[in-house]
Amino acid sequence: MRRAPNSGLIVAVLAAGGIVVSLMQTLLVPILPELPSLLHTSEANASWAVTSTLLAAAVGMPVFGRLGDMYGKRRVLLACAVLMIIGSVMCALTSSLWPMVAGRALQGLSGAVIPLGISVMRDTLPAEKLASSVALMSASLGVGGALGLPAAALIAQHANWHVLFWVSAALGAVVTVLVPLTVPESPNRAGGRLDVPGIAGLAAGLVALLLAITEGGTWGWTDARTLGCFAGAVVVLLVWGAWELRVPAPLADLRTSARRQVLITNLASIVVGFGMYASQLIAPQVLEMPVATGYGLGQSMVATGMWMLPAGLVMIALSPVTGRLIGRYGAKVPMLAGALVLAAGYGIADALLHHAWGIMIGMAVIGGGIGLAYAAMPSLIMAGVPVSETAAANGLNSLMRSIGTSLASAVMGAILAHMTVRMGGFTLPSQNGFRTGLLVGGGGALVAALVVLAIPRQRPAPASAPAPAASQPGPAGPEAGATAPADGSAPDDGPRVFGRVRRPDGTPLAGAALTLIAAGGRQAGLAAAGPDGGYRIGIAEPGDYTLIAHASGYRPHAAAVRGGTGAREVDVLLAGASGLTGTVRSAGGPVPDARVTLLDFQGNVSATAATGPDGSYAFDDVAEGEYTVIAAGYPPAASTLTVRAGASHAHDVTLSHPEG
């Protein structure tokens, strides 16, 4: 008998993978000032070792998310880990620029591990563990950065800089070994072919957009290269969007992404990503600035990393708390709270900017806000998309965060470059520059809070409703999938199917799984019935659908859902299914190859079977009710029985000797 997967081990391994991947963000920070001399190149060229990682991650997350939905999330997650190992080894073996850029790009592609891991959790974890596990996986993005800074600084200070990449390769190898041993493959798959033109269009548009954002400060915001990249990005992404709306199996389902909940969550993710990264750009510079400036704190790189470390620890500590908040109030509440806490952290950091411990407290509060917001984002996204599209949707959401961090880098870079002081022949960011950066970061967090307020309110799915087994497609927990509120009422807006699932006696059937199938067999949505049988599934676009309802111990039911753009109420009655077995005998012993017929109370033939060599027969999936069992013979034998829902019944038949 196959053992059930260990949920705790799955979460630990996936979260460790997320932390290892996020370490790539801060891996080069300790050696950035020396990077041009280490790679024998100019400062402008050396910056590509950082930019290439950002660009590759931006393109890779939605693409690998789609590949995971199509071919298996664990399989693609492993491929990402292998790419990280290859990229790390390439960087460890070179002291030249372009091999380093290529290796860093491969490391960037591994960023898809986090959205893929979140999607694996949705498909495999029980309901009561999903929210807190997703919170921990989301927090790994910040935790890895917080842990990586002091660790990388320590290695760079006491060893050759190539050791940084050998360590990352070793960590990637550990993840590659552990994932196949502990993480089950998700059973959910999306149909269709890989959208190669969609990948090329997205890659071209994103590279142009992010190049303009990241290099605009260096090139000049009115430079022909910057303006050309912005214009090219707009044109390419518009063409790409038109293509995605036409193909049957798009890289990104823009109709689903345009749903109010998904769209606004992604917009909020951009602003939260901005708020997160702004703090990480300012705090280390203030801590390391010379004391002679009057506002610098003169800390070493290792000490700076230690002052920043509590922010990552706060994210870890808040993971179970955030999970409980999501389960009780829905994901919108902790995301709103996260944005407000993030803004408060900026205020604290600004007020205590003259003390290292003050910056630590401010960064810890900011870390708490980031942990709350980042944990809620995947739950809000997964609540608005079909299970077959979760990895791609989470990848797109991760891309939105990356765009936010890129914007923060550009804006903070511009502020600190224009608000400077001269000291000892050097130009340094001024105290007013740092304070302005903190003010802008806090303002971004408040904007994020306003955006979050526009997200439609969703009630959390009831914890008492059992989740489908991991081997079956279905929602895995609160707000996983297009699930219904507990009362089965229609949502506030948008096309949808809603109703209640009941037993034959009229009582609600909690936990029933409902699947909405679009024309062509594509899965369009999932839901689990609440305690009173209520369900709700959002519809991405008008059309004809088939609603399939099934539950253990009951016969599945299919209902047609015809066209329309509004609410379609479909109540479902599931008849109980039971097992019926028995043996046909005569005076001479068991009778093989005897025909057994099952008639319902109206005289209709429900099922037929032939007995085996030992005279046995079996009927599966028998609805409850009164039946007549007829066994062919000379003469035939007929007897009646009552089948109860969800029960197994044994009914033997004895054939008599023929008369005469």
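Predicted model: local features only at pLDDT ≥ 70, side-chain atom pairs only at ≥ 80, totals over all residues.
**Loops, helix packing and a strand residue**

Visitor: What is the phi of H40, and is the residue buried or exposed?
Guide: Most residues other than glycine have a negative phi. H40 is not a glycine, yet its phi is positive, at about 55 degrees. Buried means under 20% relative accessible area, exposed over 50%, and partly exposed in between (1.4 Å probe, protein chains only). Because its relative accessibility is 66%, H40 counts as exposed.

Visitor: Where is D593, and what is its relative accessible area?
Guide: D593 is placed in the loop between β12 (589-590) and β13 (595-600). D593 also has a positive phi, near 60 degrees, in a residue other than glycine. D593 is exposed because its relative accessible area is 66%.

Visitor: How many helices and strands does the chain have?
Guide: Of the 660 residues of the chain, 54% count as buried. Among contacts (heavy atoms within 4.5 Å) with a separation of 6 or more, 71% join residues 24 or more positions apart. The secondary structure comes to 18 helices and 19 strands.

Visitor: How many disulfides does the structure hold?
Guide: A disulfide is taken as a pair of cysteine sulfur atoms within 2.5 Å. C80 is buried, at a relative accessible area of 0%, and C91 likewise counts as buried at 0%. The number of disulfides in the structure is 0.

Visitor: How are α1 and α7 oriented to each other?
Guide: Axes are lines fitted to C-alpha atoms, for helices over the stretch in contact, and angles run from 0 to 180 degrees between N-to-C directions. Helix α1 (residues 7-26) and helix α7 (residues 113-124) have axes 9 Å apart and pack at about 170 degrees. Because angles over 145 degrees count as roughly antiparallel, under 35 as roughly parallel, 65 to 115 as roughly perpendicular and the rest as oblique, α1 and α7 are roughly antiparallel.

Visitor: What is the handedness of the crossing of α1 with α9?
Guide: The axes of α1 and helix α9 (residues 163-182) come within 10 Å and cross at roughly 155 degrees, and the two are therefore roughly antiparallel. A crossing is left-handed if the near helix is turned anticlockwise from the far one by less than a right angle, and right-handed if clockwise. By that rule, the passage of α1 across α9 is left-handed.

Visitor: Which residues of α9 does α1 meet?
Guide: On the α1 side, the residues are L9, I10, V13, G17, V20, L23 and M24. Their partners in α9 are S168, L171, G172, V175, L178, V179 and T182.

Visitor: How many charged residues does the contact of α4 with α6 have?
Guide: Helix α4 (residues 48-71) and α6 cross at roughly 35 degrees, with axes that come within 7 Å, and the crossing is right-handed. The contact is made by W48, A49, S52, T53, A56, A57, G60 and F64 of α4 with M100, V101, R104, A105, G108 and L109 of α6. These residues divide into 9 nonpolar, 4 polar and, as charged, 1.

Visitor: How far apart in space are A102 and W48?
Guide: A102 is found in helix α6 (residues 97-109) and is partly exposed, at a relative accessible area of 33%. A102 and W48 are 54 residues apart in sequence, and their C-alpha to C-alpha distance is 9.6 Å.

Visitor: What distance separates the C-alpha atoms of H557 and L574?
Guide: H557 lies in strand β8 (residues 557-561) and is partly exposed, at 29% relative accessible area. Leaving aside neighbours within four places in sequence, H557 is in contact with L547, I548, A549, V572, L573 and L574. H557 and L574 are 17 residues apart along the chain, and their C-alpha separation is 6.5 Å.

How values were computed
Residues numbered from 1 in each chain as written. Heavy atoms only, no water. Helix = DSSP H or I, 4+ residues; strand = E, 2+ residues; numbered from the N terminus. Nonpolar A, V, L, I, M, F, W, Y, C, P; charged D, E, K, R; others polar.
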